[in-house]
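Welcome! Please take a moment to look over the sequence and the model below before reading on.

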Amino acid sequence: MTRCCVAVNRTNGTELVAIDGSERQLPSYVSFKEKDPMCGQLVINQLELYANSTVFDIKQIIGRNFNEIQINSEKHPEEISAILLKHVKQKIEEFQGSKIDEAVITVPSGFNQNQKIATHVAADLAGFKTVHLLKEPIAASIAYFVDRPIPSSFNLLLFDLGGGTLDLCIFKVEKNKFKVFANDGDSNLGGRDFDMVLFQHFEKTLEKRYKIIINEKSKYRLMLKCVEIKHALSSENEASFDIEDYKIDEFLRITRHEFEQICVPVLNRIQDIFIQIFSKTELTPVDINKVLLIGGGCQMPMIQLFLHKRFPKADHFCDESPDGMVAIGAAYYSSFLMNNSSNSVSKKDSSNCSIM
Ligand SMILES: Nc1ncnc2c1ncn2[C@@H]1O[C@H](COP(=O)(O)OP(=O)(O)OP(=O)(O)O)[C@@H](O)[C@H]1O
Ligand SMILES: [Mg+2]
């Protein structure tokens, strides 16, 4: 949802591809301000100018019914996703030096049939001929276990807190067989909710302390500041930003502790999903041997602490590049498909299969 990330399979291993200048992640922002649509960091840098013609977080609405979403756009989500996919396709083709018309695209495990179909439509519009959907938790676990031994019997919890989706998956390994035991999640819960908590906090402070009202134009700038503050608080105890934009020569500050306090309602929503997933199994949290933390949201110390408290007996693993992990897993899966592609059928949906 937040950024696109692609890996390819080459003779000497899988590799992440630069798709936004020299960056290996492309912010999923699309602007229609110019004649040709633009995407990536360029759009974020000019968000204020392009606010009325920019679309982001499109994965949140793709494949949903019109009455399920609030949308103010003339384009279908599929068309916007297609622009991102088309851009990415072109970059990979430049990187590989050949035409690529078959790809593995990862989707949240909670994606329903409509959302999967819409993803296929987007890929079609982008020019892909054959597309395999793979569930993100499965992709992440492939990347994790590809060069690690799989213990003979254990329970793994995969916790993926992305930009807009929370995906929980319990895998059970018995006699080296890997099975999805239960999965649950919320397709409307992610890093964006933590941004919104900060947004509302600063919006209130600005109004109360300085009588400043955030309007449509300044909204996006404040939102981007909130994302920066959230990221800074993952490594610092305090973060601040200047409010020169509002002609005031001061800084607004927030400590990590204060941020964690105002995020309690979001953590409670996560807790509810834990209750839900465990109610589907005969397992209890102490039965979990390993917790795999995926998604940018897991960089927040409060999330790591939250998981340590709930799974004190488990071994916790958090990858430095969680987005990369899902893409790398997808590339390994593509090599698995290529090696088994004697009967390749167009438009396969692998998102329901457990391949290990
Ligand atoms: N250092 C950090 N501290 C806190 N949050 C972070 C940090 N780095 C990234 N994030 C947040 O992680 C989220 C993006 O995570 P990720 O890249 O895994 O999402 P995604 O895969 O694009 O989204 P989704 O899984 O919902 O489709 C964003 O909300 C981003 O602000
Ligand atoms: Mg993700």
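Predicted model: local features only at pLDDT ≥ 70, side-chain atom pairs only at ≥ 80, totals over all residues.

## Helix 7 and its surroundings

Let's begin with helix 7, which covers residues 216-232. This helix has 17 residues, and its first and last C-alpha atoms are 25 Å apart, close to the 24 Å expected at 1.5 Å a residue. At its start, a side-chain oxygen of N215 comes to within 2.8 Å of the backbone nitrogen of S218.

Which residues of helix 7 are buried? They are S218, Y220, L222, M223, C226, V227, I229 and K230. The elements that cover them include helix 2 (47-50), helix 6, strand 13 (238-242), strand 14 (251-255) and helix 8 (256-262).

## Where helix 6 meets helix 7

Helix 6 spans residues 191-210. Its axis and that of helix 7 come within 9 Å and cross at roughly 115°, and this crossing is right-handed.

On the helix 6 side, the residues in contact are G191, R192, F194, D195, L198, F199, F202, E203 and L206. Their partners in helix 7 are K219, L222, M223, C226, V227, I229 and K230. By type, the residues of this contact divide into 10 nonpolar, one polar and five charged.

Is K217 buried or exposed? Its relative accessible area is 56%, over the 50% cut-off, so K217 is exposed. In sequence K217 and E48 are 169 residues apart, yet their C-alpha atoms are 6.6 Å apart in space.

Now for helix 3, which runs over residues 77-96.

## The start of the chain

M1 sits in the segment before strand 1 (3-5). M1 counts as buried because its relative accessible area is 15%, under the 20% cut-off.

What does M1 touch, leaving aside residues up to four places away in sequence? Its contacts are S28, D57, K59, Q60, G163 and G164. As for E94, this residue is 93 residues from M1 in sequence and 24 Å from it in space, C-alpha to C-alpha.

Note on methods. Residues numbered from 1 in each chain as written. Chains lettered and ligands numbered in written order. Heavy atoms only, no water. Axes fitted to C-alpha atoms, helices over the stretch in contact; angles between N-to-C directions. Helix = DSSP H or I, 4+ residues; strand = E, 2+ residues; numbered from the N terminus. Left-handed = near helix turned anticlockwise from the far one by under 90°. Contact = heavy atoms within 4.5 Å. Nonpolar A, V, L, I, M, F, W, Y, C, P; charged D, E, K, R; others polar. Expected span 1.5 Å × (residues − 1). Buried < 20%, exposed > 50% of the residue type's maximum accessible area, 1.4 Å probe, protein only. Polar contact = N/O pair within 3.5 Å; in protein donor to acceptor, adjacent residues only side chain to side chain.
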